[in-house]
Amino acid sequence: MSGYRTLHRIQPSGEHDESSPRTPIWRVRFSPCRSSPSTTQTSPSSSSLRLLTAGASNIIQCFSLADRTNKDSDTDDVLDASAMSVECTDCLVSKDYYNIVENSPSNGGAVRSRVTLGYAALDIARNYSGADPAAGNEVVVASQMGGKVCVWVRLDPVLIEKGVTMADSSATTTVGDDGSESTRYIQPHAEFSIDSATGTTLAIRPSSLETYHSKKDADILVALGCANGAVILCKTGIVAARPGGDNAGSSSTVVGDSASSSGESVKILSNSTPGEIVATIGGGHCVMSLAFHPTIPNSFVVGRKDGTIDIFSSLTTAGDLSFRRMHRLVHSSFPIRALAFSQPDGALLFAGDDDGKLYSYDASCNNARTQMSAPVKLVACALTAHKGWIMNLTPFPDGRRVATCGSDRSVRVWDCGMGLASSTPVHSFEGAHDGLVWGVDCGSVVGASSGGIGGGRASGDKVKLISCGNDGVMQVFSCE
């Protein structure tokens with residue numbers, strides 16, 4: 001049997017009950033953080049994957065996704081629902097979210113309606129700078145169309161098990177209507193608006209890089225794309241984990257590993273104002289996609305509406321950040337909606353445009369540098385990767401494959417070498433969704449990693465691919 005197969009179809013319920021119609025899902029992401037205290041390098045199978053989705057509804061849904069161990073070994077039905085266990089654990093909502101049914105007699109359980117904007121962009125980071133491949137608090141950043149940004153923090157399960165709490169959190173948690181704590185509604189720890197941002201493009205600056213920060217730079221930063229072509233880098237108000245001794249044993253610093261003492265209160269909020277702008281970078285045509293380099297500090301790439309791709313790097317390693325455009329790639333004349341560096345080292349840059357072309361650039365000459373000043377060259381192009389727009393792409397952690405999704409309802413897996421040059425995918429999941437396939441991501445159980453950036457992305461087998469679409473469902477694929 002092929003290592004590529006469809007495993008499971010996830011159909012999230014509506015915002016309030018299962019009878020509500022499904023809304024489009026625009027973004028789906030596997031979390032780089034572990035899902036339970038039992039996840040270790042020697043026993044990765046004991047845990048599940050953390051999955052987050054964003055779309056036209058006003059909530060970010062968080063799921064726990066796991067293989068069932070009690071599945072009948074005699075069955076050959078790989079699409080059997082008993083093959084996987086899916087549970088919605090948390091719902092992340094904004095501070096002005098009123099669509100939760102209150103249990104108090106004063107409102108009789110009535111629902112207060114509001115305009116639904118949805119979350120068009122989503123990114124997740126593991127707030128940790130140490131040797132443990134699984135430790136770290138989860139930072140989730142999502143933006144609504146119009147530039148409203150919400151930031152949530154979820155503690156490492158190991159810290160929760162030890163009784164660690166957030167010392168300065170203003171977020172509130174509401175349980176479900178039946179009083180059950182199986183699904184929690186969590187308000188953001190920080191919330192702000194950037195008026196010039198489109199709300200459709202954002203990326204968290206990697207907090208795992210030990211050399212990206214200065215002593216005065218204590219925040220996790222997020223980059224937001226704007227319609228005028230600029231990228232705004234701003235503070236989230238969340239303290240970034242630091243390498244060394246600052247990460248343990250003190251209530252005045254963020255704790256990123258599991259060395260905390262039982263019952264400790266840890267600081268997650270910085271002294272900065274959420275949304276404070278650190279830098280405004282570049283300009284030109286509207287920003288359609290955005291991605292940070294996984295290993296080179298303060299370097300990122302921007303895909304634009306006119307098809308150009310700009311690569312920026314910081315000119316400074318300390319003090320105020322100052323950026324310069326290092327490269328402009330002009331091989332496409334169509335909007336670049338999909339953009340990502342290969343994992344774990346960023347040796348390749350992938351870009352997908354609205355003409356269905358998938359580009360691969362060699363950026364490996366920059367890997368030993370602090371800036372992306374070395375040449376970035378086009379090495380391959382799949383001329384007919386999709387029959388329509390390429391909506392999103394995700395690199396595999398083995399560094400040899402990349403997955404794409406498009407407006408032609410398909411999800412395709414590519415070999416980074418000759419497969420791109422010949423426009424021949426390794427595997428194609430045709431008709432994966434009824435309509436546009438908006439997002440795709442891959443991941444595996446945290447702790448099965450070979451040490452690459454992200455912690456939750458493994459280079460071995462048991463890699464799962466997930467897609468989301470306009471039909472409001474998610475498809476899980478096996479890519480062993």
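Let's start with the aromatics: Phe292, Phe300, Phe312 and Phe323 form one cluster of rings. Rings of Phe, Tyr and Trp (its six-membered ring) count as a pair when their centres lie within 6.5 Å, with planes under 30 degrees apart called stacked, over 60 edge-to-face, and the rest tilted. By that rule, the count is seven aromatic pairs.

A quick word on what you're looking at. This is a predicted model, where local features need pLDDT of at least 70 and side-chain atom pairs count only at pLDDT 80 or more, while totals for chains, interfaces and linings use all residues. Residues are numbered from 1 along each chain as its sequence is written, and side-chain values use heavy atoms, with hydrogens and water left out.

There's another ring to look at, in Trp389. The charged end of Arg337 sits over that ring, 4.1 Å from its centre. "Over" here means that NZ of Lys or CZ of Arg is within 6 Å of the ring centre and within 35 degrees of the ring normal.

On to salt bridges, meaning a side-chain nitrogen of Lys or Arg within 4 Å of a carboxyl oxygen of Asp or Glu. How many salt bridges does the structure hold? The structure has 20 of them. Take Lys148 and Glu191, whose closest N and O atoms are 3.7 Å apart. Lys148 is in strand E8 (residues 148-154) and Glu191 is in strand E12 (residues 190-193), so this pair ties together parts that are 43 residues apart in sequence. Those strand names come from DSSP runs numbered from the N terminus: helices (H or I) have at least four residues, strands (E) at least two.

Are these two buried or exposed? Well, buried means under 20% relative accessible area, exposed over 50%, and partly exposed in between, using a 1.4 Å probe and protein chains only. Lys148 is buried at 15%, and Glu191 is partly exposed at 25%.

Next, Lys235 and Glu276, which also meet in a salt bridge, at 3.7 Å from N to O. Lys235 belongs to strand E15 (residues 231-239), while Glu276 is in the loop between strand E16 (265-266) and strand E17 (277-281), so the pair links parts 41 residues apart in sequence. Lys235 is buried, at 16%, and Glu276 is partly exposed, at 35%.

Then there's Arg400 with Asp398, at 4.0 Å between the closest N and O atoms. Here Arg400 is exposed, at 53%, and Asp398 is buried, at 16%. And if you like networks, Arg50, Asp90, Glu138, Arg154 and Arg184 are linked by salt bridges.

Now for Asp219, in strand E14 (residues 219-226). Asp219 is buried yet has no salt bridge, and the nearest side chain of opposite charge is Lys235, 4.9 Å away. For charge, Lys and Arg count as positive and Asp and Glu as negative, with His and the chain ends not counted. What does the side chain of Asp219 reach at 2.9 Å? That would be the backbone nitrogen of Gly237. The Asp219 side chain also makes a polar contact with the side chain of Ser270, at 3.0 Å. A polar contact is a pair of N or O atoms within 3.5 Å; within protein, one must be able to donate a hydrogen and the other to accept it, and residues adjacent in sequence count only if both atoms are side-chain atoms.

Last stop, the cysteines. Cys381 is buried at 17%, and Cys416 is buried at 12%. A search of the whole structure finds zero disulfides, a disulfide being a pair of cysteine sulfur atoms within 2.5 Å.
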